[in-house]
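Here is a short note for anyone opening this structure for the first time. Keep the sequence and the 3D view side by side while you read.

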Amino acid sequence: MEPVGYVIGNNGVDELIMIANPRYADVIKLFDYVYYEHGDSRILAQVTGINRELYRVSDSLAPVVFNDGVKPVETVLVKLLIIGKKTGDLLKLPEAPPPVSTPVYQADPELVKSYLGLRGRLCIGYLASMQDVKVCLNEKAISRHMAIIGATGNGKTWLSVLVIEELLKLGATVLILDPHGEYVKAKETVSKMDGVGLTVFRLSRQHAGDLTYRVGLIAADPDHIASVSGIDDKAIRIREAFSLAHRCVKLAAKAYGDSKLATLRNMERILAQVASGRRIQVGMLQNLFGTKYPTGNLNDNKYFRRLTVVLSELNDLASESAGRHAALAAKRYVRKLRRLGVYSPLSTRLLKLLKARHASVINLAGLDDSVQDHVAYSILSRVLKARINYVRRLPGPKYPYPVVIVVEEAHRFAPGNGRRTLTYGILSRIAMEGRKFGVFLVLITQRPSKIDQDILSQVQNYALLRVVNPKDREALLEAGELMNSNLDKILASLNIGEALIMGPIVGGQVPIVVKLRNRVLEYGGGDINLDKYWGVKDEDYENEVSRMMGLKIPKLTIERAKLLLDKISDESLSDSVIRGYVNGARVEVDLKNEVWSCSKCRNSMKPCEHVVALLLKKAMREAELMHK
Ligand SMILES: Nc1ncnc2c1ncn2[C@@H]1O[C@H](COP(=O)(O)OP(=O)(O)OP(=O)(O)O)[C@@H](O)[C@H]1O
């Protein structure tokens, strides 16, 4: 066999420089596998850089080479990352670099397969440089969690969908926290996968989903829901009133054995009573709540006794003006929570959410960050608890199978800037202890520097797509022990559809560059191809939207609106008054009179991004109809 090149130097024992055999100079590609002989073993290496250079000629000769029209002599220098020699099941780096002029050969698929040992069952693609070698990740290593990292639009969701498909085929229970509703579309294609189920849970009626997930008020920490409602941490009196009302409905539910009493509506009723300065007696609760419950002797009931104590604290509030004001303010916050439609007395049953061979997508699109945070916190805490109860045989809800939790936009739930979300605590606990209880994380983020580094450092498997930002590459260098400057260069050279995978999931020894396979499940939120609808350039639809409203819409607003296009729901676009929900905001535009309203931006002088998003959608819909 003819060598593809010869060693001409080295950089430590793990990097070689090879000069390419001119006959192979145009054949050698990035990520190719090559080897050289060392005694009776072969040392495998991978191409990580290719440089074309002018053959070194002396300074006095250089002008001659160029001026006489002689084609410059080219050398192709190839950087090789040493993978190692096979010793039993292990790959070991050689003790010394090979002598200069050692011949280097192209490795064949069998050699590569036997060295890399990709013997898992999560088959997500092929070696980028050798498309007949399948890459199957080790499913057991998912217990060491996984991070999927890459710049926006480089295929993170694509890869996560592949991992989910493979996990589902093996019978896994998968839970997906989906802040942008990107996985909702998977529902349409899940029937292509035999015996696999997928349910989309929505949080409010105006969003897409099969079932509604509710966060239980009885189990919720009053401080948490007070924060979700927007009550400032320092507004102690308002928080106190809020918390007392919460305890009151919770205890009433327990004392009377009727969970339906623990509603936000009943909290509002209690607070209205306090705000108006009227005292509340136990006997009045039936009237106040508008429900009937047994009025027998409840004096032995411990909840009843606590309820009377809480009522007397509420009455103390009612007796002073500051207390009444606080109750009035708290009532407004409760009303705000009620409008969200996310809370009900009891949480949705866990067994509706968790099933083997099944993925549950939690569609959080359109909810404010604090609501997303509370929902995620509530779900993750319950899942971890159910697994702990099962493993440790403790009383309480249990789930018998391990659960893989996919967290899209993980930096939103566990930001690295020291801000502590509710979800942060539970995510960091799962990152640290989930392995013991069979709760595994797949964290997806565009910005590794923005995610909490303690959590990231618990993750041992990395799938890296193109990461362009040097700061983000630095964060990876810090977080992953496996990361080194060679890999840093590979990262910058990846194409869409390629991923660099490291960690025990690929045997733990060698990073692998994978060409990802096609997926079965659809997902939304990929690039929106406006040209598909318009067949025209950006300016044309910008002009169209401006024309509709009879005024110039700033480019920035249009850009922001484009990002909201996949967050529009319940839209009605055919009449002269169009309406819909855009990222949770209720939007209405009267096209004839060129007036608009947006429940979030209220009295803006110019159409806000929510309004413009709805207009864009209408224009797109019309263009689509025209092209049919
Ligand atoms: N392996 C692949 N093969 C072909 N096309 C791909 C592949 N991966 C991604 N794409 C395309 O690239 C676009 C972006 O992909 P995707 O939405 O998965 O990226 P992302 O990194 O999750 O983006 P974001 O951070 O914005 O969510 C999509 O239009 C998708 O179809």
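The points below visit a few strands and then a helix.

1. Please bear in mind that the model is predicted: local features need pLDDT of at least 70, side-chain atom pairs count only at pLDDT 80 or more, and totals for chains, interfaces and linings use all residues. Residues are numbered from 1 along each chain as its sequence is written.

2. Start with strand E24, residues 585-590. Strands here are DSSP runs of at least two residues and helices are H or I runs of at least four, numbered from the N terminus. Ala585, Val587 and Val589 make up the covered face of E24, while Arg586, Glu588 and Asp590 make up the uncovered one.

3. On one side, E24 pairs with strand E23 (residues 577-582) in the antiparallel sense, over six bridges; two strands pair if DSSP finds at least two bridges between them. Aspartate 590 in E24 stands opposite valine 577. The two strands form a hairpin with two residues between them, and asparagine 583 in the turn has a positive phi of about 50°.

4. E24 also runs antiparallel to strand E25 (residues 595-598), joined to it by four bridges. Valine 587 has cysteine 598 in E25 as its bridge partner. This hairpin has four residues between its strands, and the turn includes glutamate 594, with a positive phi of about 55°.

5. Finally, look at helix H6, residues 236-255. Of its 20 residues, 15 are buried, that is, 20 or more other C-beta atoms (placed from the backbone) lie within 10 Å of their own; 12 or fewer would be exposed, and anything in between partly exposed. Glycine 257 follows H6 and has a positive phi, near 60°.

How values were computed: Expected span 1.5 Å × (residues − 1).
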